[in-house]
Amino acid sequence: MTNKLIIYDSTLRDGAQALGISFTVEDKLKIVNKLDNLGVHYIEAGNPGSNPKDLEFFEKVLKLKLASSKIIAFGATRRANISVEEDANIQSLLKAGTEAIAVFGKSWDFQVTDIIKTTLEENLRMIYDTIKYFKNHGKIVVYDAEHFFDGYNANPEYAMETLKVANRAGADTICLCDTKGAGLPSHIARITGLVRDEVDCAIGIHCHNDNGMAVAGSIAAVEAGAVQIQGTINGFGERCGNANLCTIIPNLQLMMNYECIPAANMEKLTPTARYVSEVANIIHDERAPFVGNCAFAHKAGMHADAVNKNTSAYEMIHPEVVGNQRNILMSEVAGRSAVMSIINMVDSTLTKDSPETKKIIERLKELEYEGYQYEGAESSFELVIRKMLGKYKTFFELKEFKVIVNEPTVNSVNSSAMIKILVDGQTEITAAEGDGPVNALDKALRKALERFYPRIAEMKLTDYKVRVLDSNFATASKVRVLIETTDGQDAWTTVGVSTDIIEASWRALVDSVEHKLMKEN
């Protein structure tokens, strides 16, 4: 590594502003620990004076013993025509007790005159006074030049003057913000280069993703001299989101020879991305570069065969480098190499010509004739292989289950399930209610197993799909059910087929649970 960069994570503020995301105090503390473990340099934690939740968070987060990260409080410059000593938000930032503070101010003359409604001269004084005040109190100060690129387009002299004032006041880093997310990478690179020549402190970049180019814009800024990259895990953020650190970090570090996080921590990237999705209660983007299930998935027969021979044929890095894994999809176009990749996960000694392999392939054909499809549901096919090779462990035995559906729905509950299972000679009977029979069954099964296998509690069903296989039989048609599950670290999909939708769901559900137990034991 030759060039060190500063990774500045704003998931707890920018990410929390995304539609459908709300973090509790405990959620935020969990994410802080994950980010610290990943090795980011700054964790922006929000405005300590904005609401009671953030006040409680700052009280608790400063008690954590972080190994890598600095907590940074975030807030605006002083208000117009009052002193920093009289500004309640400035005082709350100071009282937060963080070593570092991020201050945002206006760099676009339109924002000054029409939005905060003050003079251009007073805005410059607001920037200078606020930064100087915090520097006099021994703080590391990051100045976020809000709407900088729009401001530069409208009035380059004034936009640049706001940065020079921040520089004279002692800002440690000046971060150029593409707040509306409209900047093109070439435009961002050119202006960042001009700024680099005008100020003598570190330059940062903060891009929103409204035009889909936040990652490209951030990388262009780095190439032009920016050394601090602001963004969020998984690109969570207001409107279309913020620059995605899970894409930026591996590109800069693995492709461009920059140091973003400790090299040994790169394998934590995918687990961290999945964990944050889980805490945010957002379905993880499986098509995300580097950290999605599809990032290293191969379906076409030629691709799969080539990757089995030499992974560099279609992969830019080994998936393990970023904590992900290769996925050879089972499909009609995948060929025998896809089957072999899963067989060899169970028994590496088997070849295409082994008798066991031929039996497995014949069984696969039978199952496909019955309606099973294992593309994207390789976890179920792995269980089939283990059973045929005698490498399957029985974790529990179903004795019976009953499902009752009641209408109308009351408080999102319309079904109940009773289940009786046997584990190591011990019988467990439990019941649960749910939003539909499958949800009730899922809850009842996990409830029954948690006494024997506590980590079952980590599981969560994230997607459920049903497909009718032969509509000619109307309501008696055979159906295929796909269930996607996550435990916050990994995700997997299982399949079940039956003329009874509940039985098909049960088969997929059992496979999902057995995959988790097999992984843990």
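Q: Two strands pair if DSSP finds at least two bridges between them. In strand 9, which residue is the bridge partner of I6?
A: This is a predicted model, with local features needing pLDDT of at least 70, side-chain atom pairs pLDDT 80 or more, and totals for chains, interfaces and linings using all residues. Residues are numbered from 1 along each chain as its sequence is written, and side-chain values use heavy atoms, without hydrogens or water. Strand 2 (residues 6–9) and strand 9 (residues 228–231) run parallel, joined by four bridges. Here I6 has as its partner Q228.

Q: Which residue in strand 3 is the bridge partner of D9?
A: Strands (E, at least two residues) and helices (H or I, at least four) are DSSP runs, numbered from the N terminus. Two bridges join strand 2 to strand 3 (residues 42–44), and the two run parallel. In strand 3, D9 pairs with I43.

Q: What handedness has the β-α-β unit of strand 2, helix 1 and strand 3?
A: Look with the strands pointing away from you: a clockwise path from the first strand over the helix to the second is right-handed. Helix 1 covers residues 25–38. With strands 2 and 3 it makes a unit that is right-handed.
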